Amino acid sequence: MITLYSNGLTSVWHILGVGAIGMRWARKLKLAGEPVTLILRDEAKLREFVSAGSGIRYLSHVGEEFIPFPATSLNDPALRIENLLLCTKSYSLAAAYEAVVQKVVAGANLVLLCNGYGVQQRLGADASAFRVWAASTTSGANSAAPFHLTLAGDGRTELGPLNNLAKESVHPLLNLPRHTKSADIEATLWRKVAVNACINPITALYELKNGEVLNHPNAYERMESVAAEIEELAIALDKPLFETSLLKVAEDVCRTTAENLSSMLQDRQNRRASEIEHITGALLELASETNLTLPHNRQLLHEIRAIEAETLSPSDIGGK
Ligand code: KPL
């Protein structure tokens, strides 16, 4: 059912970036009764979607379900967007925004659901004609094939405004389960990148499920060192992390998403560029303002880069 809100926007959501997170949110929105349309990159991807039955196959411990979705492509001249969920990789966010912006009505909600730190804030500042929000989630999902998703443990999602127009508006998506307002979205994104820097490179390097890190002595020891360095960085930058230690929080996330393959491990397995530059790389960039060198984090960055140099074609490195 299409609802018209007091801000003049309808409840129709478009999703750009139909990877694991995009597919997961398509289902969440559909289950909440919101109309969803997927935006696919081009006609070839649209044909692939139609051949897959024009829907997404979801697998979970309770079985398999197929959910049909309307879909269109970025080339659709009639495409007009009022609510957009951008579920791209952090390194594709700016290009995805440029590709879609002409189709977005002034005042539309743009929710950025990606990992990393810095890209979201930059887009929030640039896209001042729209209500720009960031969402940060501990939910994960594994996609082994296009339009197929294995649902792993559901986490929590926090949302907050990134620009002035959003700050004056009603938060979108709070009708979805386990979605809450972030008291301070900048702090939420900071905490999320810290957790991702502890889990993602290590799971990708050792090819472990999130939960397996806790029982792998070498991987766990490295997570300890990485977390300790990020704690020091947080103090140096005066950007507090958690009330408990970062290591403890990272351990909890590993436990609640134990069956998950982290997004970086999935990138490695699918020979895609990872978000290492926007996660560990972003922390190293912040560290350059201090006298900290974060050697354990730096070492992980080099190791992931080395894997990418072996598995990706040169044009894929750094993403597109
Ligand atoms: O955000 C994640 C990711 O994989 O990118 C976590 C929280 C680690 C869940 O897998």
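Let's start where the two domains come together: domain 1 (13-182) and domain 2 (189-311) each give at least three residues to the lining of the second largest pocket. Keep in mind as you look around that this is a predicted model.

The second largest pocket holds about 480 Å³ of space. Its lining counts 20 residues, and those nearest the centre are Thr138, Arg156, Glu158, Phe242 and Val253. By residue class, the lining of the pocket has nine polar, seven charged and four nonpolar members.

Now turn to the ligand. Around the ligand you will find Asn115, Lys192, Asn196, Asn200, Asn210, Val253, Asn260, Ser262 and Ser263. What is the make-up of the shell around the ligand in nonpolar, polar and charged residues? Seven are polar, one is charged and one is nonpolar.

In Asn115, a side-chain N or O atom sits 2.9 Å from an oxygen atom of the ligand. For Asn210, the distance between a side-chain N or O atom and a ligand oxygen is 2.9 Å. Asn196 places a polar side-chain atom 3.0 Å from an oxygen atom of the ligand. On its own the ligand has 280 Å² of accessible area, and the protein covers 95% of that.

Definitions and conventions:
Residues numbered from 1 in each chain as written. Predicted model: local features only at pLDDT ≥ 70, side-chain atom pairs only at ≥ 80, totals over all residues. Heavy atoms only, no water. Near = heavy atom within 4 Å. Polar contact = N/O pair within 3.5 Å; in protein donor to acceptor, adjacent residues only side chain to side chain. Areas by Shrake-Rupley, 256 points an atom, 1.4 Å probe, with all protein chains shown as cover. Nonpolar A, V, L, I, M, F, W, Y, C, P; charged D, E, K, R; others polar. 1 Å grid on protein atoms, 1.4 Å probe; cavity = no way out; pocket = protein on both sides within 12 Å on 5 of 7 lines; lining within 4 Å. Points joined across faces, edges and corners; volume = space filled by probe spheres on them. Domains from an automatic or database assignment.
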